[in-house]
Structure formats: C-alpha cells, structure tokens
Amino acid sequence: MTALLSRGVPFVLGRNGMKSLQINGRAHQFAPAEMPATLCALLEKLGIGAATVVAEVDGRIVTPEQFAQTEVRDGQTIELIKFMGGG
Amino acid sequence: MDRLVIAGREFDSRLLVGTGKFASPQVMAQALAACGAEIVTVALRRVDIGNPQDDTLREIDRHRFLLLPNTSGARNAEEAVRLARLARAATNINWVKLEVTPDPYYLLPDPIETLKAAEILVKEGFVVLPYINADPILAKRLQEAGTATVMPLGSPIGSNQGLKTRAALEIIIEQSSVPVVVDAGLGLPSHAAEAMEIGADAVLINTAIATAADPCEMAIAFKLAVEAGRRAYLAGPRAPADRAEASSPLTGFLRD
C-alpha cells in the first residue's frame, strides 16, 4: 500500500529456461508455456482489473487501451500502478 | 456565495478534500457527499500484487468529483513528473497536485524541485496546483511559470497545528493573481475559517476529516467553516483595535 515507485532493480536472467518479469520491484518467474503474451494476459493472470490500472514497461507508459496490444517479453521491468486514497 | 475558478473551471465549493486515511471507502463517500466537495485528491501507488482487488476509490463518483491526482512520494522533480504523466495516462485528467517532499519527518516541500517540476509540467499542458511552503517569492515564481494555483501550507501535513504561517500567507494572498488554496495542517474548522477570513480562495483538508471520530460530521463542520470564512472575508471585516470602542451610544446615560 505504501510502496513507492522506484526504478526496477537490475534484471537477473531466469534459470532453467524460466522466463522472468520484474513486476513492481519483484522478480516473477514463469515457465515458458505459462508466460503471458500481452500486458492484458499478465493482468488477468495476476487477478488485476485492468480498468483501474496504468502500466509502465521498461519506463514507457502504457494506457489501459493499449494493454491488449502490448507484448510482454522475458526480462522486462513492469510497473503496475493505480490510484489510492491520498491527500 | 461566489464561485471558485481554477484554470477556467468553476466550482461551488471552496473545500477540497483528500481521500487518504479514511476507515473505509463507504465512510469516505459519505464524508465527501456531506461536505459538498467537488475536487478530491488521490495518490498513485503500485498495485499490491498480493491484494489486487483492493480499490479504495471505487466509491468515488467520477462524474460528480474532479479527481486531482497528487505526486506524493516524489522526492525530486523527476519523480514528480513521472507520477504526473502516469496519472494523466491513467485517467486523461491533466490536473495535478504537485508535491515534492524529500524529508519524511516534516514532509516539507522542496521549493527548487517543485519549481523545476512545475515548469516541465506546465509546458506539457498540465494544470498544475503546487504544494509549497508559505513562501511569497516562490509563490510568485510558480505563478510566473504558469501554475493554476498555489497551495501554501498552514503547518506540516497531518499535524493539525493550524495557520502557523499566517503572516506569510497574508502576503501570498495579497500578491497572488491565481487562487490560493491553503493546504496541510488545518486541524479544526476554525483553522479553515481563519484561512478563508484572511482571503484564501479555498482550503484542502484530509487528515482532520478522515481521522475524526465521526468523519461525516467533521466534513459538515468544515463545509460550514469554509462558507462562514468566505462570507466574512467578502463582508469586509474590521481590523482589531488596541482600545475598546463602545457598541452602545455614549450619550443619554441615566446620570448627571
């Protein structure tokens, strides 16, 4: 809840043929068959409703309308961000 | 009451409310409805991957309220600009409450980084509402950079100390050609009324409402205080005097 945005830590290559994504500062491993192809698929896998989220992929902003067309690739750093209560 | 105009947009309410620290989305929605606020601030944070469905803002009717994303958490201009761009991408809202607070203890805004970020964001078409210390020169510089308001603090965020910066606020209000929104530190309706009485155009309240035992009642109390303060300001209050000035006639006494 209070985690702030920060540039992702340097990516460490997945071992044993696993694919890896750095999501919100933490490494997530996926078996090649399980690796989501698009940002849309990734959000679905994580159980995140796309409507309230904006993303950054390797520092580039991706709006919800672009999620379905945005490919996700091994080694990318992804930030998933939403609005929270704040003053 | 006269209307508040920010960047050409008119508002009936001069009370802006922050959405942090409420016990539940329902309590927040009730408080927002009760106080008639039209502008509500929100923060941008990472999605909690372990609890992705958490949506504290689901109760906010976006047709009724203008969401004002803040850049809280930014420690420098670069981080603030990044957050503002993300906020705009998420909602198509180009309004941003710019805050750059590198010091976590007092959360005082960094004037140099705030001005730097404001200059960039104004050029990118943002409507910028910068949170600043009560510094009249900085307020002028931001105004010259094209910000839509200035938002000087009364005292540190969430401190409930009231208008510790009153003398500087009076100078800012006197000199400003954009709306002055007193933000931060207002703990009681009387603090809000005082800010409005000295000519502030609006106030922003979060902690004092959200953490009250009854947020809804406190929201109403702030609404009334803001209205009272604004009306008093428009009514032209008289300056304090050193000596008494009789209210009753000084002739016709039953003596002599």
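This is a predicted model: local features need pLDDT of at least 70, side-chain atom pairs count only at pLDDT 80 or more; totals for chains, interfaces and linings use all residues.

Let me turn to the helix itself. H1(A) spans residues 39–46. Which of its residues are buried? They are Leu39(A), Leu42(A), Leu43(A) and Leu46(A), where buried means under 20% relative accessible area. Around the axis these four cover an arc of only 95°, and therefore they lie on the same side of H1(A).

What covers the buried residues of H1(A)? The cover includes five strands of chain A, namely E1 (19–23), E2 (26–30), E3 (53–57), E4 (60–62) and E5 (77–85).

I now move to the cavities. The count comes to two cavities of 30 Å³ or more. I shall discuss the second largest cavity, with a volume of about 30 Å³.

Its lining consists of Pro136(B), Ala139(B), Lys140(B), Gln143(B), Ile171(B), Ile172(B), Gln175(B) and Ser176(B). The elements that give two or more residues to this lining are helix H4 (136–145) and helix H5 (166–175) of chain B. H4(B) gives the most, with four residues.

How do the residues of this lining divide into nonpolar, polar and charged? Four are nonpolar, three are polar and one is charged.

Thank you for your attention.

How values were computed: Residues are numbered from 1 along each chain as its sequence is written. Chains are lettered from A and ligands numbered from 1 in the order in which they are written. Side-chain values use heavy atoms; hydrogens and water are left out. On a 1 Å grid over the protein atoms alone, a cavity is a set of points where a 1.4 Å probe fits but cannot get out, and a pocket is an open set with protein on both sides within 12 Å along at least five of seven lines; lining residues have an atom within 4 Å of a point. Grid points are joined across faces, edges and corners, and a volume is the space filled by probe spheres set on the points. Ala, Val, Leu, Ile, Met, Phe, Trp, Tyr, Cys and Pro count as nonpolar, Asp, Glu, Lys and Arg as charged, and the others, Gly among them, as polar. Buried means under 20% relative accessible area, exposed over 50%, partly exposed in between (1.4 Å probe, protein chains only). The arc is that of the directions from the helix axis to the C-beta atoms. Contact means heavy atoms within 4.5 Å.
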